[in-house]
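Open the structure in your viewer and keep the selection tool at hand. The tour below goes from one selection to the next and says what is there.

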Amino acid sequence: MNVVPTSENGSPAVYREIAGELRGQIRSGRYADGDRLPGENALMERHGIARATARQALSVLINEGLAVAVRGSGIYVRLFRPVRRHGALRLSKELWGHGRAIWQTDDEDREYEVDRLRVDEAVPEEHVARALGLAEGAGVLRRSRRYLVDGRPVQNAVSHLPLAVLEGGGEPTAALRIREHDSGPGGIYARLAELGQAPAHFTEEIRVRMPAPEESEELELAPGTPVLDVARTALTAEHRPVELNEITMDGSAYVLSYDFDA
């Protein structure tokens with residue numbers, strides 16, 4: 001049972017009444033995405049309240065994900081249509097096998113961007129080596145990046161690919177393209193197919209947690225926003241692991257969608 005904070009006379013707490021008024025104005029379109037909301041001083045003067053009460057009212061909207069605080073500037077409306085992530089459809093060979101990026105299934109009418117892309121070789125952490133079935137001392141190629149939708153950061157992702165897979169034959173240019181920032185049409189799954197290591201099965205594990213401070217900063221998360229940890233392993237038809245993708249997603253930015261037969 002949820003208990004709504006009330007004032008001494010039993011009515012809803014003043015800060016919640018003010019938050020409700022602002023919420024209604026946002027939803028009615030009085031304040032649009034990116035508009036600056038009345039600040040603490042304006043709310044104090046308008047409602048005859050203390051600064052702490054005004055701050056609480058604005059904090060309610062921030063915690064609900066309807067507003068964001070910009071240091072030194074003010075509180076701004078932040079409306080964002082969640083990305084619908086299709087779990088099975090986005091990994092279909094019909095997609096990447098025909099040169100399309102897997103995120104194109106999520107919301108084709110949105111503006112997608114990838115930044116902070118880094119490609120390097122590394123000694124994998126123990127859990128990565130275990131997931132990929134690597135022998136002691138075996139290395140991986142890491143592809144780290146951040147995804148933005150409509151200019152808003154929504155996820156960080158790090159792909160780990162066994163170096164042995166990239167050096168095991170097949171189309172030599174495919175191995176080179178995987179090491180480049182632009183891995184080409186269809187992304188790394190299409191390049192793995194050219195190396196004779198096409199993904200045929202995927203497994204995903206999803207967990208919910210609160211973000212670390214650096215994750216909150218990188219994804220520009222509002223206070224109290226959880227993240228989704230997605231660990232996806234790509235396997236060949238022979239069930240050989242060829243990629244572990246570790247994804248950290250803004251929990252307020254996604255709707256996870258799965259279609260399957262009974």
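## Stop 1

Select helix α1 (residues 14-28) together with helix α2 (residues 40-47): they pack at an angle of about 110 degrees, and their axes are 12 Å apart. Bear in mind throughout that this is a predicted model. Angles of 65 to 115 degrees count as roughly perpendicular, and α1 and α2 are therefore roughly perpendicular to each other.

Now show the side chains where these helices touch. From α1, pick Ile18, Glu21 and Leu22; they meet Leu43, Arg46 and His47 of α2. Sorted by class, the contact of α1 with α2 has three nonpolar residues, one polar residue and two charged residues.

## Stop 1

Is Arg30 buried or exposed? Its relative accessible area is 52%, and exposed means over 50%, so Arg30 is exposed. Leaving aside residues up to four places away in sequence, Arg30 touches Gln25 and Asp35.

## Stop 2: from α2 to α3

The axes of α2 and α3 come within 9 Å and cross at roughly 115 degrees. The crossing of α2 past α3 is right-handed.

For the contact itself, display Glu40, Asn41, Leu43 and Met44 in α2, which meet Arg51, Ala54, Arg55 and Leu58 in α3. The residues of this contact divide into four nonpolar, one polar and three charged.

## Stop 3: the aromatic pair

Clear the selection and look for aromatic rings that pair. How many aromatic pairs does the structure hold? There is one. Select Tyr189 and Phe202: their ring centres are 5.4 Å apart and their planes stand at 55 degrees, so the pair is tilted.

The pair links distant parts of the chain, with Tyr189 in helix α8 (residues 187-194) and Phe202 in strand β7 (residues 201-209), 13 residues apart.

Finally, colour these two residues by accessibility. Buried means under 20% relative accessible area; Tyr189 has 4%, so Tyr189 is buried. Phe202 has a relative accessible area of 24% and is therefore partly exposed.

Technical notes. Residues numbered from 1 in each chain as written. Predicted model: local features only at pLDDT ≥ 70, side-chain atom pairs only at ≥ 80, totals over all residues. Heavy atoms only, no water. Axes fitted to C-alpha atoms, helices over the stretch in contact; angles between N-to-C directions. Helix = DSSP H or I, 4+ residues; strand = E, 2+ residues; numbered from the N terminus. Parallel < 35°, antiparallel > 145°, perpendicular 65-115°, else oblique. Contact = heavy atoms within 4.5 Å. Nonpolar A, V, L, I, M, F, W, Y, C, P; charged D, E, K, R; others polar. Left-handed = near helix turned anticlockwise from the far one by under 90°. Phe/Tyr/Trp six-rings, centres within 6.5 Å; stacked < 30°, edge-to-face > 60°. Buried < 20%, exposed > 50% of the residue type's maximum accessible area, 1.4 Å probe, protein only.
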